Amino acid sequence: MKNNIYIFSNSILSRKNNTFKIEKISDVEAVHEIDIYEDERERVILPSPKYEGDGDPKYLPAETIEAFYSFGEVRFNSQFLKCLSYYSIPLHIFNYYGNYVGSFIPADSEADGSIILVQSSFYFDYQKRLYIAKNILEAAARNILDNLNTYLYEGIELEDEIISINSLLDLIRIASSIDELRGIEGNIRNIYYQCWTNIFKQKFEFEKRIKNPPIGIVNSLISFGNSLLYAVCISEIYRTRLNPYIGFIHEAGDKKHSLAYDISEIFKPIITDKVIFKMINLKMISEKDFKVKNEFYLLKENAKQKFIEEFERRLSTVITHKRLNRRISYRSLIRMECFNLINYMTGKLKSYEPYRAS
């Protein structure tokens, strides 16, 4: 089983034969200035001064790595990127606030133009696109309901919210446009998030989802968790032959990985939300784990590591897939979801049924 490597410190990444060399830069805090500067006298742009490592490098065999996730400032050269490409290893970059910034995706040696053409044809055929979008959002809503029913059985009063979401679920099935679906999905999420303070066993303020920037502790945790999930979905999509830029709920062409956003909708309640519930209810995280700037709550480095440990633990959790009657991890389930979509679009499956927890 390959490993996902999370880098939190400012580091120099390089290649030595068939291993990756990771060496911390002596700076303790992240560096945020631009790494080039203009020399007005010579009218040239010069690279920043060379950074030295701390002299205690770590070596990682390339064949043991699934993907890199970098939260610190990293320096690397073309040899490092060539090694990533050779071993088909994605590199995902997050900014100082823990938000996903972008990825280095190696050229796909198994790219299949026919799959991209089929995926594109489903995007341009509005009824086919609407069918896939409806099924993704219905699965996401059912996974939200599964979360709420779990806490209902524990004695939390959530009946009214569950009834409301079930009513909106009916509207998904008869929706006639993608915009209508997005509106229904937004209403479901609003009702769902209003339940969270009842679910929490710690007192945290959380009235509504605010993304840019995330205000308050809970919004900060959701943004961080969803950013991680987007990157995982991009990695898993890369392992299939799908194009991450062609989604069905989210529009293609806005320079975002639309399909990763679509697939993540199915798994947010199962992975990100479950991690947040666990960390708050078991008091694994508290207000002391955040730095506050204006109203923005930023996870401290040790808190990010705690969150990622739980996130990885959740992804590695093995469940029994009822429909397939086989044991599978949540991470593998994400990749299987991609193949599920491929099999439907290529006619191997008559219907598209995304994963539902119950």
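Colleague: Where does Asn17 lie?

Modeller: Asn17 sits in the loop between S2 and strand S3 (19-24). Bear in mind that this is a predicted model.

Colleague: What makes Asn17 exposed?

Modeller: Its relative accessible area is 62%. Exposed means over 50%, so Asn17 counts as exposed. The backbone of Asn17 also has a positive phi of about 55°, although Asn17 is not a glycine.

Colleague: Why is Ser88 called partly exposed?

Modeller: Ser88 has a relative accessible area of 23%. Buried means under 20% and exposed means over 50%. The value falls in between, so Ser88 is partly exposed. Ser88 lies in the loop between H1 and S9. Its phi is positive, about 55°, and it is not a glycine.

Colleague: Why is Ser14 called buried?

Modeller: The relative accessible area of Ser14 is 16%. The cut-off for buried is under 20%, so Ser14 is buried.

Colleague: Which residues does Ser14 touch, leaving out those up to four places away in sequence?

Modeller: Ser14 touches Thr19, Phe20, Lys21, Asn77 and Phe80. Ser14 belongs to strand S2 (residues 11-16), and it stands opposite Lys21 in S3.

Colleague: How do you know that S2 and S3 pair?

Modeller: Two strands pair if there are at least two bridges between them. S2 and S3 have six bridges, in the antiparallel sense, so they pair.

Colleague: What makes S6 and S8 edge strands?

Modeller: The sheet is open, with four strands in the order S6-S3-S2-S8 and mixed pairing. Strand S6 (58-61) and strand S8 (74-76) each have a single partner strand, so one side of each has no neighbour in the sheet. On average, neighbouring strands here are turned by 25° against each other, direction ignored. H1 packs on this sheet and touches S2, S3 and S8. The direction of H1 makes about 65° with that of S2.

Colleague: How many bridges join S13 and S14, and in which sense?

Modeller: Strand S13 (residues 318-321) and strand S14 (residues 326-329) pair over four bridges, in the antiparallel sense. Ile319 stands opposite Ile328 in S14. The two strands form a hairpin with four residues between them, and Asn325 in the turn has a positive phi of about 55°.

Colleague: Why is H2 called roughly perpendicular to H11?

Modeller: The axes of helix H2 (residues 113-124) and helix H11 (residues 330-345) cross at roughly 80° and come within 10 Å. Angles of 65 to 115 degrees count as roughly perpendicular, so H2 is roughly perpendicular to H11. H2 brings Ile115, Val118, Gln119 and Phe122 to the contact, and H11 brings Ile342, Tyr344 and Met345. By class, the contact has six nonpolar, one polar and no charged residues.

Colleague: Which residues have the most contacts inside the largest nonpolar core?

Modeller: They are Trp196 and Phe267, in a core of 89 residues. Helix H7 (residues 217-238) gives the most to this core, with 12 residues. A second, separate core has 14 residues, including Leu13, Ile65, Val74 and Leu84. In soluble globular proteins, nonpolar side chains tend to be buried together.

Colleague: What does Trp196 touch beyond four places away in sequence?

Modeller: Trp196 touches Phe206, Val218, Ile222, Asp273, Ile276 and Phe277.

How values were computed: Residues numbered from 1 in each chain as written. Predicted model: local features only at pLDDT ≥ 70, side-chain atom pairs only at ≥ 80, totals over all residues. Heavy atoms only, no water. Axes fitted to C-alpha atoms, helices over the stretch in contact; angles between N-to-C directions. Parallel < 35°, antiparallel > 145°, perpendicular 65-115°, else oblique. Contact = heavy atoms within 4.5 Å. Nonpolar A, V, L, I, M, F, W, Y, C, P; charged D, E, K, R; others polar. Buried < 20%, exposed > 50% of the residue type's maximum accessible area, 1.4 Å probe, protein only. Core = buried A, V, L, I, M, F, W, Y, C linked by side-chain atoms within 4.5 Å.
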